[in-house]
Amino acid sequence: MRGILASSIGVTCAAALALPLAPPAAAADARPAPTAEAATRAAVTARPDVPGSTQSLPLRPLTRDRASGAAVLGLAPRAVRPFSLLGVVWDDPAAELHGRVQVRTREAGTGAWSDWRYVETHYADHGADPGSAEGTADGVRGATAPLWVGESDGVEIRVLPEPGEGEGVDEGVDEGVGEVTGVDEPGGGDHSVLPSGLRLELVDPGDEVLEGPRTGVMSAEATAASAANSALAPLGSLEIPELDGERTRQEYLTLRGADLTEQQRAEPYIGPRPAVVTRRGWGADESLREKRFVYTGKVKAAFVHHTASGNNYKCSQAPSLVRGFYRYHVRSLGWRDIGYNFLVDKCGRIYEGRAGGVAKPVKGAHTMGFNTNTTGIAVIGSYGSKKPSSSAVKAVARLTAWKLGLHGMNPRAKTYLKSGGGNLYRKGKKVRLNVISGHRDGFNTSCPGGKLYKKLGTARSTAARYQGR
């Protein structure tokens, strides 16, 4: 994997903080002693028989911001085990990080350091509903969005507190960086405005799974995940193949026939089933997730997201990104599985997300307050200032035409959903939303980015056309 990937903003060192930059090799000697928790996590994630790994590095005070006097937390430049995705987590999932998270990374192989980049700090809205079993489980943490950086072996990070700043920099505005002077002694400085337990998570998505996707032997967990799609594809399939309109209608009658009215059987509105890369196809290590599957009722709406992880990836790397998101959601954030039901790359390829069957109403953790009776689709990338590809928008339309069609939903219509709680709608309130909505329609967030949000009208009309409406 090559290429240093930007989030929505690239920040040059000249415009950055005046921190002392020790050479990466020397910086390793200055690392703080790991906590017992960090040592335990490192021992677990370093197991050679597990594909991929997660390094968890506690952040410490570095310096003070000259303007505000607030402490800046982070890590000096250092060499680390290879990784490709990063994020910051903290102890309390209800706490917010009001500030800026800036990172730079060293490309493996070349040794070249990237410019400073921002990490999107607001990610709690991608998650389980407030008070739900998944949202209140032990080990659930607060976190930033993940940032894909490509294969790297060095990192430097700083977190600048900005009390009351709100939504940060997701929409692609270069806010610059304040000047900082004077390095504090370890443990000094008041950083009470930042959440406690800040740690940098470095994720290696791995190159293969325990029982590689083309071998004949699968674990019990992998067998169960694959069997959930047995009505659509043979056990162990790497991809659920696309179908034409007529074969999709025949499958629809087989899957839903007993629940359909006579009119629905005579004139089903459903788009042709698109091809979907299965979890086995993108290389999911099924031992990471919770074993059981959780289902909701009728899928009445689809929420569209972006992953806020950067755009400079090759489509051939997309399975690695999905594995990275999966490991980040489960190992770092403490979720039961990857949060999204589906993911779409910029070339328009669709990936199965949360396990349980792509034709089934699997309950995800994607739109806080509206995970019941919905499905979550994440377009891989950041679309605050960059337009999504036409291939990705078309894939969203094809997927929603089929998935919503399974439940008799018109992509151009509106529907009522009951809020599970959030910052826009109180718990229990019935809300009228588009059947294809953006994340920001259910929660006060910039997701799925302004440029992608503007394309949802096109996705609705195209999906309706695929359904024959």
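## Helix α8

α8 has 16 residues and reaches 22 Å from first to last C-alpha. That is close to the 22 Å expected at 1.5 Å a residue (1.5 Å times one less than the number of residues). Helices are DSSP runs of H or I, at least four residues, and strands are runs of E, at least two, numbered from the N terminus.

Twelve of the 16 residues of α8 are buried, so the helix is largely enclosed by the rest of the structure. Buried means under 20% relative accessible area, with a 1.4 Å probe and protein chains only. Among the buried residues are A392, V396, L399, W402 and L404.

## Basis

The model is predicted: local features need pLDDT of at least 70, side-chain atom pairs count only at pLDDT 80 or more, and totals for chains, interfaces and linings use all residues. Residues are numbered from 1 along each chain as its sequence is written, and side-chain values use heavy atoms, without hydrogens and water.

## Nonpolar cores

A nonpolar core joins buried Ala, Val, Leu, Ile, Met, Phe, Trp, Tyr and Cys residues through side-chain atoms within 4.5 Å. The largest has 34 residues; V344, I350, V358, I377, V396, W402 and L404 touch the most other members. Two or more residues each come from β13, β14, β16, α8 and α11. α8 gives the most, nine.

I350 touches residues including V276, F342, A395 and L399, leaving aside those up to four places away in sequence (contact: heavy atoms within 4.5 Å). Another core, of 31 residues, lies apart and includes A143, W282, L321 and F325.

Technical notes: Buried means under 20% relative accessible area, exposed over 50%, partly exposed in between (1.4 Å probe, protein chains only).
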